[in-house]
Amino acid sequence: MARRIMHIDLDAFFVSVEQALNPELSGKPVVVGGRPDRRGVVASASYEARQFGLHAGMPLSTAIRLCPQAIFIEGSFPKYRDASRKFMAILADFSPFLEPVSLDEAYLDVTGFESLYGSIHQMAVKIKQRIKDELGLYASAGIASSKVVAKVAAELSKPDGLLEVDSGKERSFLAPLPVAKLPGVGKKTEQILKGLGINTISKLSTMPLNALKSHLGVSGELLQRYASGIDDRKVEPPGPAKSISRETTFGKDTRDRSLLKATLRYLGERVGSELREQGKQARCVALKLRYADFTTITRRHTLSQTTDTDQTIFDTGLMLLKKALSQERQPVRLIGIGVSNLAEGERQLDMLDASARRLERLNKAIDRIRDKYGFSAIQTGRTLRLKDIFPETEGGYTLQTPSLSR
Ligand code: TTP
Ligand code: MG
């Protein structure tokens, strides 16, 4: 049976979540990414704002110049994560062959589902309707015989779109499109291809392979296959998470040790609560720092025993931080902390001493209270320091750069 793959991506995701929660924002140019007087970039722009040329990744200072009437919102990651979970839960009702790609994007293998819904097209209509009714969000869907063609179709249909490419029509569908529309072609590759006189996907698909490979390496071959509509990647339901991390960029580069420590503590607590929610233990803690000149370092420490407590994650992160700061004089632009080498399940309790046991009980109690009253219902002495720096909402502090990495 010929494969049918659906790609679904929410329209202007972060912005649309804000609009669904506050109807006054609907139909207006809205940007999520931060206040325009602070540094940072556009994370998501409403389609009204895009008419002024605004797009993701654009510096906020440029965005306000192009569209002074835009409404700028800091954004709050917990809200988007919550909407994302509900979105994925709706998709999972339609097919168990579901591969989430990012917060607002997923592939579904829908081969053979015609009989359930009349047609795959009808199935997509139903999915879009449920997303609209239950979440107040718009989604765009592409349907084709492969991931790459389905993704391009969804992208092309935006916003609130639905586009199906019939089997056998993949090549002619892709042919006239600019190369930049092909997944895998980033800014750099686009420039290289332009230099070779390749502007359309059709041209890319007919370029002699040797010439392509000499300019793009092995990825040249893959891109040419995609350009011809050939892609046998399967829809792969996710395996268990390999790591959990949180990071943030400071509004201003900083050397302030107490701010660095407080932020590390906060991010570490976020990591710890996610770890416990997944019922996992970690053996490895990593610190990430980006300095003012964008040099980025990661430092890892392997623990002698696995852990899921905030205190151990923070203590280890702090040890790595102190070491890193003693070796580098530059101010810090970004800080992040993560855990990896994850194992399922509880630690063997009889191996723990009394104080470790107390810590575990404390963490569980904190999780319960935060579940009920929000993340900031309980503060450690250290994170209280953040009150003066980041705006606080029910879901926790609103950090400066809403990005997928957090
Ligand atoms: P996208 O799906 O790329 O963008 P979008 O949903 O805002 O708009 P559309 O799909 O209609 O073109 O990314 C999903 C979310 O991921 C986006 O709302 C915000 C976040 N994001 C960033 O934080 N930084 C980025 O550079 C990008 C591209 C997205
Ligand atoms: Mg999207």
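Biologist: Start with ligand 1. How far is an oxygen atom of ligand 1 from an N or O atom in the side chain of Asp-104?
Modeller: They are 3.0 Å apart. Keep in mind that this is a predicted model.

Biologist: And how much of ligand 1 does the protein bury?
Modeller: The protein buries 75% of the 560 Å² that ligand 1 exposes when taken alone.

Biologist: Which elements give two or more residues to the shell around it, ligand 1 I mean?
Modeller: Strand S1 (5–10), helix H1 (13–21) and helix H2 (47–50).

Biologist: What about Tyr-47 and Phe-14, side chain or backbone?
Modeller: Tyr-47 uses a polar side-chain atom, 2.6 Å from an oxygen atom of ligand 1. Phe-14 uses a backbone N or O atom, 3.0 Å from a ligand 1 oxygen.

Biologist: Which residues come nearest to ligand 1?
Modeller: Of the 16 around it, Asp-9, Ala-12, Ser-44, Tyr-47 and Arg-50. The shell divides into 9 nonpolar, 2 polar and 5 charged residues.

Biologist: Switching to the magnesium ion, ligand 2. What are its protein donors?
Modeller: Asp-9 (OD), Leu-10 (O) and Asp-104 (OD), at 2.1 to 2.2 Å. Their spacing along the chain is D-L-x93-D.

Biologist: What geometry does the magnesium site have?
Modeller: Octahedral, with 6 donor atoms and angles of 77 to 179°. Ideal octahedral angles are 90 or 180 degrees.

Biologist: Are Asp-9 and Leu-10 buried or exposed?
Modeller: Asp-9 is buried, because its relative accessible area of 12% is under the 20% cut-off. Leu-10 is buried too, at 2%.

Definitions and conventions. Residues are numbered from 1 along each chain as its sequence is written. Chains are lettered from A and ligands numbered from 1 in the order in which they are written. This is a predicted model: local features need pLDDT of at least 70, side-chain atom pairs count only at pLDDT 80 or more; totals for chains, interfaces and linings use all residues. Side-chain values use heavy atoms; hydrogens and water are left out. Donors are N, O and S atoms within 2.8 Å of the metal (3.2 Å for Na, K and Ca); water is not among the atoms, so sites may look incomplete. Four donors count as tetrahedral if all angles lie between 85 and 135 degrees; four count as square planar and six as octahedral if opposite donors are over 155 degrees apart and all others between 65 and 115; anything else is irregular. Buried means under 20% relative accessible area, exposed over 50%, partly exposed in between (1.4 Å probe, protein chains only). A residue is near a molecule or strand if one of its heavy atoms lies within 4 Å of it. A polar contact is a pair of N or O atoms within 3.5 Å; within protein, one must be able to donate a hydrogen and the other to accept it, and residues adjacent in sequence count only if both atoms are side-chain atoms. Accessible areas come from the Shrake-Rupley method with a 1.4 Å probe; for residues, only the protein chains shown count as cover. Helices (H or I, at least four residues) and strands (E, at least two) are DSSP runs, numbered from the N terminus. Ala, Val, Leu, Ile, Met, Phe, Trp, Tyr, Cys and Pro count as nonpolar, Asp, Glu, Lys and Arg as charged, and the others, Gly among them, as polar.
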